[in-house]
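Here's a quick walk through one model, from a few charged pairs to the sheet and then the cores. Keep the viewer open as you read.

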Amino acid sequence: MSVRPNKSLGQHFLTDENICHKIVRFARIRPRQRVLEIGPGTGQLTRALLQAGARVRAVEVDPQLAERLRRGQGIAQEMQERLEVVEGDVLSLDWQELAPLSLASNHGDSVEEAPVKIVGNLPYNIASRILLKMITGLDRFQRAVFMIQKEVARRVAAGPGGKDYGSLTLSLQYHFAVETGFDVRPGSFRPPPKVMSSVLALTPLDRRPDTPEAKAFHRLVRIAFRHRRKTLYNNLKGAFDDESIRQALGSCAIEARLRPEQLDLQAFLCLCRVL
């Protein structure tokens with residue numbers, strides 16, 4: 001079956017087998033490991049995961065591609081029993097259904113890990129939304145490895161002080177340890193995108209007891225970065241009274257003239273605890 005990429009779905013099919021196997025190694029996939037794959041497309045990465053011995057649940061929004069995978073096109077017969085295809089939009093599906101928790105078995109090499117690992121070549125147009133969606137399923141996976149647009153990868157992994165550092169950075173780094181992997185050139189895809197891609201890993205963090213509630217933290221970050229050209233103090237004025245802001249900045253040893261991109265994660269955690 002010949003498949004044409006759907007522009008409205010942001011499809012760029014990964015065709016480089018070497019890159020697929022490199023992603024699998026970076027994800028640290030082991031035999032019989034449960035893997036949730038997001039956006040399998042034509043199945044190149046799916047095959048690499050199955051060849052590594054993984055048990056794969058692949059979520060595909062394109063009905064034609066989902067049916068193609070169900071029929072096992074391009075996948076060896078002996079690997080098809082370890083592949084399950086779910087047709088649907090990962091942004092609207094329930095994480096409890098996608099990655100149900102299971103008890104580990106005590107039968108030697110038959111152990112299946114819970115939570116799962118997640119792997120995917122994400123569509124550029126919704127990559128940020130999928131990354132933020134991961135927050136709702138933190139207890140469902142132990143490591144996620146994604147290929148995304150390099151510009152977005154820089155934002156996810158950014159440190160304070162640069163233009164890439166912002167609310168997306170902090171919203172994800174609050175929940176995840178971010179590990180940068182490697183870049184992938186446009187020629188590894190069909191059709192080739194106009195930009196470079198990057199692979200990175202997200203590992204859920206164990207939160208300390210004094211860590212502020214996620215809802216309050218995300219609200220603070222959104223307020224702080226509402227206007228990047230303004231100081232942190234001026235951005236906060238619209239949501240908090242002046243005295244509370246000044247007391248919080250003093251308690252956290254933050255100068256009022258600083259802009260939000262100049263503060264690291266720990267500074268925002270401190271502000272959130274105090275405000």
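## A pair within one helix

Aspartate 242 and arginine 246 join their side chains in a salt bridge, at 3.0 Å from N to O. By salt bridge we mean a side-chain nitrogen of Lys or Arg within 4 Å of a carboxyl oxygen of Asp or Glu. The two sit four residues apart in helix 11 (residues 242-251), so about one helical turn separates them. Aspartate 242 is partly exposed at 34% relative accessibility, and arginine 246 is partly exposed too, at 47%. (Buried is under 20% relative accessible area, exposed is over 50%, and partly exposed is in between, using a 1.4 Å probe and protein chains only.)

A word on the model: it's predicted, so local features need pLDDT of at least 70 and side-chain atom pairs count only at pLDDT 80 or more, while totals for chains, interfaces and linings use all residues. Residues are numbered from 1 along each chain as its sequence is written, and side-chain values use heavy atoms, with hydrogens and water left out.

## Other charged pairs

The whole structure has 11 salt bridges. One of them links aspartate 164 to arginine 154 at 3.5 Å, N to O. Aspartate 164 is in the loop between helix 7 and helix 8 (167-173) and arginine 154 is in helix 7, so this pair ties together parts 10 residues apart in sequence. Both ends are partly exposed: aspartate 164 at 23% and arginine 154 at 40%.

Then there's a network of salt bridges linking Glu67, Arg70, Arg71 and Glu87. Within it, arginine 71 bridges to glutamate 67, with the closest N and O atoms 3.0 Å apart. Arginine 71 is exposed at 53%, whereas glutamate 67 is partly exposed at 29%.

## The sheet and its helices

Seven strands make an open sheet of mixed pairing, in the order 4-3-2-5-6-9-7. Strand 4 (83-87) and strand 7 (176-184) are at the edges with a single partner strand each, so one side of each has no neighbour in the sheet. From one strand to the next, the twist averages 20 degrees. Strands pair here if DSSP finds at least two bridges between them; strands (E, at least two residues) and helices (H or I, at least four) are DSSP runs numbered from the N terminus.

Strand 5 (residues 116-121) and strand 6 (residues 141-149) run parallel and are joined by six bridges. Valine 116 has phenylalanine 141 as its bridge partner in strand 6. Helix 1 (residues 17-26) packs on the sheet, touching strands 5, 6, 7 and 9 (197-204), and its direction makes about 160 degrees with that of strand 7. Helix 7 (residues 150-157) lies across strands 6, 7 and 9, at about 135 degrees to strand 6. Contact means heavy atoms within 4.5 Å; axes are lines fitted to C-alpha atoms, for helices over the stretch in contact, with angles from 0 to 180 degrees between N-to-C directions.

In the largest nonpolar core, Ile23, Ile29, Leu49, Val119 and Val199 touch the most other members out of 30 residues. Helix 1 gives the largest share, five residues. Such a core is a set of buried Ala, Val, Leu, Ile, Met, Phe, Trp, Tyr and Cys residues joined through side-chain atoms within 4.5 Å.

Neighbours within four places in sequence aside, leucine 49 contacts Val24, Ile29, Val35, Glu37, Ala54, Val56 and Val119. A second, separate core has 29 residues, among them Val59, Met134, Val152 and Leu172.
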